[in-house]
Amino acid sequence: MVAPVEPKPGGTLRNAFGGVLGFFILLLIGVLAFSIRLFSVIKYESVIHEFDPYFNYRVTQFLTKNGIYEFWNWFDDRTWYPLGRVIGGTVYPGLTLTAGTMWWILNSLNIPLSVETVCVFTAPVFSAFAAWATYFLTKEVKGIGSGLTAATLLALVPSYISRSVAGSYDNEAVAIFALIFTFFLYIKTLNTGSLFYATLNALSYFYMVCSWGGYTFIINLIPMHALLCIVTGRYSSRLYIAYAPLVVLGTLLAALVPVVGFNAVMTSEHFASFLVFIIIHVVAFVYFIKGILSPKMFKVAITLVLTVGIAVCIAVIAILVALVASSPTKGWSGRSLSLLDPTYASKYIPIIASVSEHQPPTWPSYFMDINILAFLVPAGIIACFLPLSDASSFVVLYLVTSVYFSGVMVRLMLVLAPAACILSGIALSEAFDVLTRSVKLQLVKLLEGPLSNAGDTKDENSTAQNDVLKADKQVATNNKTEDVKERPSKKNRKKDKENTEKAPVKSHNEKRLLALPLEASAIAIILLVVLGSLYVIHCVWAAAEAYSAPSIVLTSRSHDGLHVFDDFREAYAWLRHNTEADDKVASWWDYGYQTTAMANRTVIVDNNTWNNTHIATVGTAMSSPEKPAWEIFNSLDVKYVLVVFGGLVGYPSDDINKFLWMVRIGGGVFPHIKEPDYLRDGQYRIDAQATPTMLNCLMYKLSYYRFVETDGKGFDRVRRTEIGKKHFKLSHFEEVFTTHHWMVRIYKLKPPKNRMKGKTKKPKPTSKPLSGARRDGSTKKNPWQ
Amino acid sequence: MRKVFACALFLLLATWMTTARSDLVISKVDRRIDLTSHIVRVLSTLKVENAGRVVVSEILLAIPNMQAKNLANLKAFYNEGKGKGSAINLPVAEVHPEGMPRELSFYSISLHEGLEKGKSLTVNVLSIFTHSLQPFPEEISQSDVQLVVYQDSAYYVSPYEVKSQSLNVLLPGGRVESYTKHPSGKLVDSEIKYGPYEKLPPFSYSPIVLHFENNNPFVVAQELVREIEVSHWGSIQITEHYNLAHKGATNKGGFSRLDYQSRSYMGGRSSLRQLIARLPPRAHSIYYRDDIGNISTSHLWGDSRKTQLEIEPRFPIFGGWRTSFTIGYSLPLQDFLFVSEGNRFLNITFGCPMDEVVIDDLIVKVVLPEGSKEVSVSVPFHTKQWHETKYSHLDIIGRPVVALEKNNVVPEHNTYFQVHYKFNNLSLLWEPLMLISGFLLLFVACIAYMHADLSISKSSASYIAKLQWDEVQATVQQVQNVIRRCLSAHEKLETSLQDLSRTGDVHSCKATRKIADGLLKELSKELKPLMGFLQSSPQAAQIWPKVEELVAKEKEMQEKLMQKHVAVVDCFEKKYSGREIENRVAPYQQKLSALKQEVDDLLDYIDEI
């Protein structure tokens, strides 16, 4: 919260000092942004977090080992068995390429950091960059003071910390930087009209496309803003330079990214930009014609063009609508559709709805994630309207859209955070500006007042001054009302208007309006500082306590000290060392990435969730009784089945709690799995009241196998109930490993029997393609039908 | 089958080779075979007598090939003097004497002083074998005990005649399934005794087979890479990468955590639960991790004589299971690095610091600081050696690395070895200096960039425009200065009016006005050339109207102020009342403040440009 460094006559030294000071403040902000994210390393260890980061880490390892060309051509046979996955063509490569490059540079300087270390610290490094990008963006909008304030806020904002703590090696870590930086370059181009920045902007957009699917936000927001500018009569050549090159270059570059490819021109997410591209050209053309024609001729031309143009437009739009409507999803991808219609996912795609971060947020999560910024943002919006410039209108638009998106998905709170930081930074900085200036003025008056009044009994001086003040205020209000009247007037007057409006805020060294009373402003400053420190305390708490857990290591504090639950890695290490290299491990898709990365074993499904049917197959197997489940798994060549069970130690996000989603997703594809079969009177339960289908399904059995022998009752600490079926044996699976706290249990499929009693059945070869399994399915009762 | 074959073979041999070397006679042999762990240690005490005529300087030892391939270490020593003399090691070398049976490997002990005729000598031979205990049955379930089979000869196999001998086999306790009783074997507690046997010809052999319970985890490091990195900044970093396996009876039928945790009597008695590493004293910065991160199950304690690290693998290791991990620690440099005659030498242990671990393949790499020269190694036993170069922190020429490789390593190999090298202390400063100069260059480059004019063409339109714009800005700055001085003159006038209202001194007030008038006139003169320049310059087109307006407003303000001043002074001269003065001045006042506002705004605006 630094007062803007104001230019003063003859103050070059002071300017230089301000520059150096600003530089150091920025440096410290970078250090702050980096270091607040190290709690996870200090409290836990330098390790990759959660699920997706493990995939990114694995891809980075592959990249550093095999080089970029191998990476583009990488067909991964360790996942989605037997389908495999073309990694090079389905992954956003920005993050991995960034970390890979960083690692390569460090290693060529002979600094021996492991790939893992580089990956762990990529996110903190990029959040420092993001803070700097925020500074530049806000500086373009409202000056240096706001820039520094916004950068400080962004460095600390919990929402962003949650996605960028050390070890959280995910796309968002670099994407937020890319997002802010792209916006900065757009604003910079808009303010300067320089083609240089426009080109940089396209490159930055390219980086964003490389990094995250959220790039569609940019390619929709910037057209919206351009359209807004055109509609409000703010069209200028600068706007054209900022917009047109971005669309052309940006689309071309985006199409270079394999995962985007022709989507950059084919999907509806991008159509808005092309539409606005056409509009801006029409507008530019109109301005051009207006310049060379006389007003009379211009009118004639306009009527002519309008009639022809409208006809053409209608035709084009009709064609477009027909094209779009002919595709089943109307050209929108599932995630985007669920953005526009928040109920879409829960209705049609359980696999999207099953992810907790795709749920709409609750009010407390706003307070948790952006804290006081939620209250400062409105003030920031007001500050942005005084005066409204192209840049500030962009920021407001950014905020409004991101608030909407954050309301749809918790995950997109991340996009809201920078907008909230920028606006709050503006608000705080402006408030400090006003308050400190009035304190300064009042202090000057206090010091001067007694001196000039010394010899006077009438105190005329002060009254005179008051008069001056009053008069000033009158004039100011007059000015303002005039300005309000003039608002829709011509463009070149806008500058004057901005000037007069800005002047009261900006002016200094004058005793003039907006001078608040000394006491009030002093108290307000103190309150703001207190508010700011509350924010800092909250952020540090959030960084230290809420968002630093790597989720593969759990800790709990009890009276006898810290207890570590390292069961996941125990299980993965066991799989890694004590199974054959090409064994297939089946688990729910949540653990797919971790299994491939940590255990280095082939999995059936993983967090990429690109093939709903495949996931449904695993879901069906988990919800079926032992024998059909064994058949499904065997047809998929599975050797081990891994389940996560929290009932012994009370770990709530285990497979039993996720089980209904397995049923739903499985039932979505294989109709013989019906959700009501697993529910007793609409309630999900695993105690004695549970349905027989539930008690006989594979997931139940694998989770609770021999569980009753631990305490004699089989009390599940997550569900807080005794389990329904206590003593049972497994006929087709055998337990091969259970971790220390029983959190991960691994079962092996028993080999098929040589001789079947009664039925004649040919023994199955262990490796069988999917189609073969489907053929078999026609004779048996199994989900392949 | 194999046993029968071997037995027949050796009986044959025994009859065939009776007359081999009869110069020496072994008058007494005591053998103790220690089978309590999975490493077999055989300590034979030989009393050798020279029965021939010539001085004998070497003693031959014979070990059946079947055992010799598992031989990890063979050490011969005798005690100086009686009883508790210090042990003196004797060199042992593998030899291939002519005319000896191929089924035996021979090792020769060289005596320091030849054994003269009729003299006798007591030599202790310690031979250590690995992988000699065969689990039988080979697969056990979690609750079973681990049974192993050990084969040896009841007689001491020697190329010499043995007059009297005995054999004690020490077992770990527990069940003994079976043992060969044939030549007078008997089990006492957990010890099996064979012998004594008298007067056996050379190469006597009588196979014995012991089948007993041994629940020790058979911890075998299939590969261990120790990297010892010497830093002359004050520490030695040691990193050890283990690739561990349990080579006991293979686990079958899965692993039940329930049985393992709640019923310890039937839950994996032969599993490896923990390992203890004895590290040198003052070891610090210790870590224990594997490919996927830190392993939290370890404990550390230490005192001034040792540091003890107790590590548990991520999961208990049953027979046939494997795991891999890394431990690392730092040691203070002065404990291990010494200087002698300008040479430095590192004196550090060779093997792994853990108890009862057999290492199939041990690679020790000593990384010396960059710039070390004349590197040589002295190791007390035979190893494969080669040199490498390692690039680490900011290296340019790389660090010399000495790599030593040895197979079949047992804890007895954990002895000190030395690496000698030469190193110049000044080389230490090389890397810091490089860093400093790197940053210096960076800053110099920044300064140069900030000051350099990097425009491509000096005559391009935009470049000239930029120059002109700079000029315009300078001029505008000057204009602003002049205007500010005008404003300060105005303030002086105002204060003079206030003084007037206080003191009523009309004359001084008039004088002030005159001075101010003069000053203002001068300033407007100064302003003229500047305005002229701005008007003519094309670059100033944008800013010109504002400046013009500013100057005009300022002029107007001057006039109004003068009028006000004159009016006030007039009123004072005419002795009007305060209220009247106010009334008269009010219109001017209003105008003035409006003008002042405008002028300020304009100044701000121009400032911003």
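Colleague: Which residue lies over the face of B:Tyr179?

Modeller: B:Lys181 does, at 5.0 Å from the ring centre. A charge counts as over a ring if NZ of Lys or CZ of Arg is within 6 Å of the ring centre and within 35 degrees of the ring normal. Before we go on: this is a predicted model, where local features need pLDDT of at least 70, side-chain atom pairs count only at pLDDT 80 or more, and totals for chains, interfaces and linings use all residues. Residues are numbered from 1 along each chain as its sequence is written, chains are lettered from A and ligands numbered from 1 in the order in which they are written, and side-chain values use heavy atoms, with hydrogens and water left out.

Colleague: Fine. What lies over the face of A:Tyr160?

Modeller: A:Arg37, at 4.9 Å from the ring centre.

Colleague: Now ring against ring. How many aromatic pairs does the structure hold?

Modeller: Over all chains, 58. Rings of Phe, Tyr and Trp (its six-membered ring) pair if their centres lie within 6.5 Å; planes under 30 degrees apart count as stacked, over 60 as edge-to-face and the rest as tilted. Take A:Phe136 and A:Phe184: their ring centres are 5.5 Å apart and their planes are at 40°, so this pair is tilted.

Colleague: Where do those two sit?

Modeller: A:Phe136 is in helix H6 (residues 115-142) and A:Phe184 in helix H9 (residues 171-192), both of chain A and 48 residues apart. Helices (H or I, at least four residues) and strands (E, at least two) are DSSP runs, numbered from the N terminus.

Colleague: Is A:Phe184 buried or exposed?

Modeller: Buried, with a relative accessible area of 9%. A:Phe136 is partly exposed, at 31%. Buried means under 20% relative accessible area, exposed over 50%, and partly exposed in between (1.4 Å probe, protein chains only). Both rings belong to a cluster linked by ring pairs, with A:Trp132 and A:Phe177 among the other members.

Colleague: Switching to charges. How many salt bridges are there over all chains?

Modeller: The structure holds 46. A salt bridge is a side-chain nitrogen of Lys or Arg within 4 Å of a carboxyl oxygen of Asp or Glu.

Colleague: Which residue forms a salt bridge with A:Lys627?

Modeller: A:Glu631, with the closest N and O atoms 3.7 Å apart. Both lie in helix H29 (residues 626-635) of chain A, four residues apart, about one turn of the helix. A:Glu631 is buried at 8%, while A:Lys627 is partly exposed at 37%.

Colleague: And in chain B, what does B:Glu229 meet in a salt bridge?

Modeller: B:Lys390, at 3.3 Å, N to O. B:Glu229 is in strand E17 (residues 219-231) and B:Lys390 in strand E30 (residues 384-390), so the pair ties together parts that are 161 residues apart in sequence. B:Glu229 counts as buried, at 10%. B:Lys390 is partly exposed, at 23%.

Colleague: Which residues are linked in a network of salt bridges?

Modeller: A:Glu45, A:Asp566, A:Arg569, B:Asp290 and B:Arg314.

Colleague: Last topic, domains. What does the assignment give for chain B?

Modeller: Domain 1 (24-213), domain 2 (219-423) and domain 3 (462-608). Such bounds come from an automatic or database domain assignment. The C-alpha centres of domain 2 and domain 3 of chain B lie 85 Å apart.
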